[in-house]
Amino acid sequence: MTIRGCNASNRHGGRRGTLRAWLVGTTLLVVALAPAAPAWAHSQLTAMSPADGSTVAVAPTEVVLTFNENIQDIGDAVIVTGPDRVRVEDGPPTILDANATEKLHPLTVRGHYTVSYRVVSADGHPVTRTLGFDLSTGAAAAAVPVQRVAAAGPARAGGGHGGLIAAASLLGVLLVGLGAAAVHLRRRRRELPVQQAGR
Ligand SMILES: [Cu+2]
């Protein structure tokens with residue numbers, strides 16, 4: 001890093017102290033902004049009914065998502081899409097403690113159903129994921145190609161933490177770079193007249 005070169009060529013204790021203080025300050029800031037190491041403490045799905053990947057012969061009337069901790073009842077959404085790409089969920093889910101219950105319209109088409117959810121963790125971070133189940137009874141789907149990848153598009157694992165870490169890291173790099181540049185410029189400005197005086 002440029003900071004090291006800058007520091008190594010700096011023989012002036014006072015200014016090195018300034019740089020060190022700057023580095024300590026920016027490091028503390030970055031540490032404060034970055035979330036703690038066990039960053040994946042937000043709510044995780046522990047079970048779904050019908051089970052993820054299962055095949056059921058009787059059409060379920062609801063999907064129940066169970067998490068490892070209570071989730072917040074703020075703008076949670078569950079989207080259930082049938083083999084014919086028709087959405088079959090009935091309104092927003094009902095949240096009770098660690099469970100999100102999503103009522104379904106009658107499932108009349110056999111095939112694969114995707115279940116995508118976005119719920120807000122106890123710690124305030126949204127979590128999203130796409131699961132699915134198969135219904136073995138019902139009418140054949142209309143001639144629509146089943147595109148599970150496309151259906152899985154809106155839901156992504158992860159959520160808030162990754163972006164926050166990236167933003168904090170970027171901010172830290174910018175601050176350290178700006179600080180180093182400022183110290184470097186100030187030193188050059190001060191040393192120039194001294195060198196011209198023939199020291
Ligand atoms: Cu979280």
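1. A word on conventions. Because the model is predicted, local features need pLDDT of at least 70 and side-chain atom pairs count only at pLDDT 80 or more, while totals for chains, interfaces and linings use all residues. Residues are numbered from 1 along each chain as its sequence is written.

2. Overall make-up. The protein chain has four helices and eight strands (DSSP runs numbered from the N terminus: H or I of at least four residues for helices, E of at least two for strands). Read from the N terminus, the order is α-α-β-β-β-β-β-β-β-β-α-α. Of the 199 residues, 20% are buried (20 or more other C-beta atoms within 10 Å of the residue's own, with C-beta atoms placed from the backbone).

3. The open sheet. Four strands line up as β2-β8-β7-β4 with mixed pairing (two strands pair if DSSP finds at least two bridges between them). β2 (55-56) and β4 (72-81) are at the edges with a single partner strand each, so one side of each has no neighbour in the sheet. β2 and β8 (residues 126-135) run parallel and are joined by two bridges; T55 sits opposite D134 in β8.

4. Strand β3 and its partners. β3 runs antiparallel to β1 (residues 45-49), with four bridges, and A47 has T66 in β3 as its bridge partner. Five bridges join β3 to β6 (residues 99-103), also antiparallel, and V63 stands opposite E102 in β6.

Note on methods
A residue is buried if 20 or more other C-beta atoms lie within 10 Å of its own, exposed if 12 or fewer, and partly exposed in between; C-beta atoms are placed from the backbone.
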